[in-house]
Amino acid sequence: MLPVNPEAIGVFGLFATVICFGLEQVGVGVKGADHTKLTRSLGYIAIVFGGICQLFTALSMYLFSTGGDHSKYLGTVFGFFGLFWILVGLFFLKGGDKKVMAHFFACGLVLVILFTLRAFADGLIWPLGIDLVVIDVLLITLVFGWYTENPKLSKLAGVCNLAIGFISFFLLYPHVLG
């Protein structure tokens, strides 16, 4: 019996999380909202969909090599982003210093640039490589946006999140209908 490829779960978690965060950052549906409840809801979405779904996918890729020749690489990517989203979710639930989170985003950017280079080197340019390039732009935006608390950079981060969600649809599509 062959194991089922869990990439659809991990990519769906990414898709759902970045779309929710992106819509909030660009201001869709937040006018007059209770921002305490909105922030808490985003925290739960980040932990469950962004974090747990992607960690499950990473673990499955490591244990069962469901990603073929790229299992360890993809497992590492999903694992990093799973932990990333859990940390972001906890920040949204418990609060903290945005400047420290900006430093974390800068550290994460170093790793994501390496993920991006590996995707291009392995010929995984569309859609994974391009998605990672947009994530690189997002992390750069978040570093400066969270450090300076510039609302224009928050909007740009929202646009990046929506773009990541759009591109992720093309990662998800073959698993759902293929």
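Predicted model: local features only at pLDDT ≥ 70, side-chain atom pairs only at ≥ 80, totals over all residues.
Trainee: Is Tyr 73 buried or exposed?

Mentor: Start with where the residue sits: Tyr 73 lies in helix α3, which covers residues 71-94. Its relative accessible area is 6%. The cut-off for buried is under 20%, so Tyr 73 counts as buried.

Trainee: Which residue's backbone oxygen does the side chain of Tyr 73 reach?

Mentor: Look beyond the neighbours within four places in sequence, and Tyr 73 is in contact with Phe 115, Arg 118, Ala 119, Leu 124, Leu 128 and Leu 132. One of these is 42 residues away along the chain, yet its C-alpha atom is 8.1 Å from that of Tyr 73. The side chain of Tyr 73 comes to 2.7 Å from that residue's backbone oxygen, and the residue is Phe 115.

Trainee: On to the largest pocket: which element gives the most to its lining?

Mentor: That pocket holds about 440 Å³ of space. Among its 26 lining residues, Gln 25, Phe 92, Lys 98, Trp 146 and Ser 154 are the closest to the centre. Two or more residues come from each of α1, α2, α3, α4, α5 and α6. With six residues, the top contributor is α6.

Trainee: And how many nonpolar residues are in the lining of the second largest pocket?

Mentor: This one has a volume of about 260 Å³. It is lined by 16 residues, with Val 11, Leu 74, Phe 78, Leu 128 and Leu 171 nearest its centre. α1, α3, α5 and α6 are the elements giving two or more residues. Three of the lining residues are polar and two are charged, while the nonpolar ones number eleven.

Terms used
Residues numbered from 1 in each chain as written. Heavy atoms only, no water. Helix = DSSP H or I, 4+ residues; strand = E, 2+ residues; numbered from the N terminus. Buried < 20%, exposed > 50% of the residue type's maximum accessible area, 1.4 Å probe, protein only. Contact = heavy atoms within 4.5 Å. Polar contact = N/O pair within 3.5 Å; in protein donor to acceptor, adjacent residues only side chain to side chain. 1 Å grid on protein atoms, 1.4 Å probe; cavity = no way out; pocket = protein on both sides within 12 Å on 5 of 7 lines; lining within 4 Å. Points joined across faces, edges and corners; volume = space filled by probe spheres on them. Nonpolar A, V, L, I, M, F, W, Y, C, P; charged D, E, K, R; others polar.
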